[in-house]
Amino acid sequence: MTDTPKNELYYGDNLDVLRRKIASGSVDLCYIDPPFNSKRNYFQIYNNQGGDDAAQAQAFVDTWSWGDEAADGLAYILDIERLQPSHAGATAWTEQTVELIRGLEKVLGRGSLLAYLVHMTLRIVEIHRVLKPTGSFYLHCDPTASHYLKLVCDAVFCGQGGDFLNEIVWKRTTAHSDTKGRFSHETDVILFYSKASVTTWNPQHSEHSESYKNSHYRHLDHDGRRYRHDNIIRSASMWPRPNLVYDYKGFTPPWGRRMVREKIEELDKRGRIHWAKTGTPYLIRYLDEQPGEIVGNMWDDIPPINSQAAERLGYPTQKPEALMERIVKASSNEGDTVLDAYCGCGTTVAVAQRLNRRWIGIDVTYQSIAPILKRLEDRYKDDWPQVEASIKLDGVPRDLESAMALANRKDDKTRKEFEKWAVLTFTKNQGRVNDKKGADGGVDGYAYFVMDSDGKGGFVNGKAIFQVKSRPGTRADLATLNSDRLREKAEFGFLICTGLPTKPMRDEIAAAGKFKHPMLDREDDRLQVITVAELFERPNWQARRLDLPMARTDTVKSAKAVTKDDKQAKLL
């Protein structure tokens with residue numbers, strides 16, 4: 001008897017994870033929602049930068065600017081010797097894919113758009129490899145680059161026996177008046193591919209419109225259930241069938257009925273036959289027993305996450321669970337494996353967990369990994385030990401050695417991830433990391449607590465700031481932290497570093513004084529030092545975590561918990 005495969009959550013570059021840790025032919029469904037934004041600057045062809053989205057546009061240019069990573073990726077793709085894989089299960093590169101990128105380099109030049117397409121091509125090829133022969137692939141994008149991405153997917157999938165199945169249009173918002181000389185952007189595009197001609201497919205249905213209900217299901221029974229009268233008499237245009245021409249309760253239709261006598265007798269006993277005054281029988285067909293309208297490729301019935309949505313977590317690109325539920329139900333069955341290689345705040349993961357699919361999530365930032373774990377813990381709080389045990393966490397520091405390996409990476413982006421991990425781990429994912437571009441003012445994160453009443457039925461918040469160092473702290477670090485604390489008007493300053501506080505550091509802590517909570521009989525040092533080693537559990541004592549007086553736990557949105565009613569409904 002083999003153990004049930006674990007769900008997998010990877011913290012790292014999805015290309016590296018796909019290549020080294022996801023087996024060929026192991027995934028039933030892959031959905032990705034990679035970074036995109038219609039105003040972000042693809043400057044070779046478009047010139048949309050500016051306005052309210054200028055800061056995001058610049059961030060996009062920085063992310064996808066042409067550099068060593070893009071150049072190395074392009075060289076890898078254009079290496080024609082890889083067209084024939086050296087062993088079974090190796091990544092197969094089609095000639096169409098290589099020649100497409102070669103042509104796009106000539107058309108676009110080496111800039112941000114080509115860097116983006118190189119990034120995506122490398123990963124789409126690996127996604128094709130990990131899919132089962134019956135697997136499906138959904139790529140969520142917007143019109144800015146969807147035409148280029150479709151070319152890439154056509155080359156990768158259709159070039160190896162797969163099919164382009166649909167361009168799904170999701171109407172995610174309503175029209176806006178400020179369009180600046182063009183029609184308002186209201187939709188996203190989801191490209192849908194199969195790896196082979198035969199793929200998992202479960203047709204989906206949406207609810208009937210109110211106008212359809214009112215026109216076709218006008219009757220209500222004593223329980224308030226909507227129903228209609230369906231004709232069960234064959235028409236004159238139908239070919240007569242002797243076994244369907246019979247007398248029942250004094251009525252013999254000349255062309256027969258649509259069902260045999262035994263069936264109409266059984267329905268009549270159940271009260272599902274309505275007899276008209278003329279003696280003509282009709283079938284009582286209930287609305288709630290019908291599957292609804294078949295879903296096409298225009299999805300205008302799923303609203304986006306708004307500010308009042310119960311499932312909103314505050315993640316900027318969060319997609320509604322209803323969107324993912326439709327995709328997961330359509331292209332997978334219970335027990336299948338669902339992959340999201342850009343899993344963000346974990347909507348795909350949450351839906352796959354709820355629908356009894358095995359899942360694999362990958363994200364490059366700990367700001368995504370942390371809310372995914374919190375989202376699952378909030379939703380399955382009663383069963384969290386079992387749910388947590390079913391998840392294989394990869395890339396998340398589990399001991400001091402792996403934490404320092406993360407901290408000591410050469411690139412600035414990865415070192416910043418160490419800061420995010422330290423803040424979110426110490427605050428139990430309730431803190432907020434400082435994502436300000438450029439100089440962060442010495443503040444790597446924030447946390448809040450209730451400090452006093454505002455006299456109007458509300459509260460006055462207190463604040464704590466965090467600084468993270470991948471080395472032992474010094475007295476100068478604490479002096480700077482205290483200065484930043486005063487500038488930020490924060491009550492506490494926490495220094496997370498690799499060494500215990502020295503005597504000069506303890507003197508600095510004492511000089512900063514203590515904070516006396518106005519509503520509690522409690523005093524705490526305004527400056528505190530936490531070592532990285534203290535963030536990990538050790539025998540006979542608990543790992544150190546933030547303990548603010550009257551801490552705010554609602555600064556990060558929580559997922560709705562599964563209730564006993566939910567579990568009972570699932571059983572039924």
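**Phe192 and its surroundings**

Mentor: Start with Phe192. Leaving aside neighbours within four places in sequence, Phe192 is in contact with Ser136, Phe137, Tyr138, Asp163, Phe164, Leu165, Asn166, Ile168, Trp201 and Ser331. Keep in mind that this is a predicted model.

Trainee: Where is the place of Phe192?

Mentor: Phe192 sits in strand β5, which covers residues 187-194.

Trainee: Is Phe192 buried or exposed?

Mentor: Phe192 is buried, because its relative accessibility is 3% and the cut-off for buried is under 20%.

Trainee: And Tyr138, from that contact list: how many residues apart along the chain are Phe192 and Tyr138?

Mentor: They are 54 residues apart along the chain, yet their C-alpha atoms are separated by 4.7 Å.

Trainee: Let's zoom out. How many helices and strands does the protein chain have?

Mentor: The chain has 17 helices and 22 strands. It runs to 572 residues, and 47% of them count as buried.

Trainee: OK, at what angle do α4 and α5 pack?

Mentor: Helix α4 (residues 95-108) and helix α5 (residues 112-130) pack at about 170°, with axes 10 Å apart. That makes α4 roughly antiparallel to α5.

Trainee: Which residues make the contact?

Mentor: From α4, Thr97, Ile101, Leu104, Glu105 and Leu108. From α5, Leu113, Leu114, Leu117, Thr121 and Val125. By class, the contact of α4 with α5 has seven nonpolar, two polar and one charged residues.

Trainee: Now α15 and α16. At roughly what angle do their axes cross?

Mentor: Roughly 20°, for α15 (residues 475-487) and α16 (residues 503-512), and the axes come within 8 Å. That makes α15 roughly parallel to α16. The crossing of these two helices is right-handed.

Trainee: Which residues of α15 and α16 meet?

Mentor: Arg475, Leu478, Ala479 and Asn482 are the α15 side. They meet Pro504, Met505, Asp507, Glu508, Ile509 and Ala512 of α16. The contact of α15 with α16 divides into six nonpolar, one polar and three charged residues.

Trainee: One more pair. How do α9 and α10 cross?

Mentor: The axes of α9 (residues 321-331) and α10 (residues 347-354) cross at roughly 55° and come within 9 Å. The two helices are therefore oblique to each other. The crossing of α9 and α10 is right-handed.

Trainee: What meets what in α9 and α10?

Mentor: Glu321, Met324, Glu325 and Val328 in α9 meet Thr347, Thr348, Ala350, Val351 and Arg354 in α10. The contact of α9 with α10 has four nonpolar, two polar and three charged residues.

Trainee: Change of topic: loops. Where does Tyr248 lie?

Mentor: Tyr248 is in the loop between β8 and α8. Tyr248 is buried, with a relative accessible area of 10%. Setting aside residues up to four places away in sequence, Tyr248 touches Arg257, Arg261, Ile264, Glu265, Asp268 and Trp275.

Trainee: What does Thr280 touch?

Mentor: Not counting residues up to four places away in sequence, Thr280 touches Ile233, Phe251, His274 and Trp275. Thr280 lies in the loop between β9 (273-275) and β10 (281-286). Thr280 is buried, at 15% relative accessible area.

Trainee: Last topic: backbone. What should I know about phi?

Mentor: Most residues other than glycine have a negative phi. Lys249 has a positive value, near 55°. Asn429 also has a positive phi, about 65°, although it is not a glycine.

Trainee: Where do Lys249 and Asn429 sit?

Mentor: Lys249 is in the loop between β8 (226-231) and α8 (261-269). Asn429 is in the loop between α14 (412-426) and β16 (432-433).

Trainee: Is Lys249 buried or exposed?

Mentor: Lys249 is exposed, with a relative accessible area of 56%. Asn429 counts as buried, at 16% relative accessibility.

Terms used: Residues numbered from 1 in each chain as written. Predicted model: local features only at pLDDT ≥ 70, side-chain atom pairs only at ≥ 80, totals over all residues. Heavy atoms only, no water. Axes fitted to C-alpha atoms, helices over the stretch in contact; angles between N-to-C directions. Helix = DSSP H or I, 4+ residues; strand = E, 2+ residues; numbered from the N terminus. Parallel < 35°, antiparallel > 145°, perpendicular 65-115°, else oblique. Left-handed = near helix turned anticlockwise from the far one by under 90°. Contact = heavy atoms within 4.5 Å. Nonpolar A, V, L, I, M, F, W, Y, C, P; charged D, E, K, R; others polar. Buried < 20%, exposed > 50% of the residue type's maximum accessible area, 1.4 Å probe, protein only.
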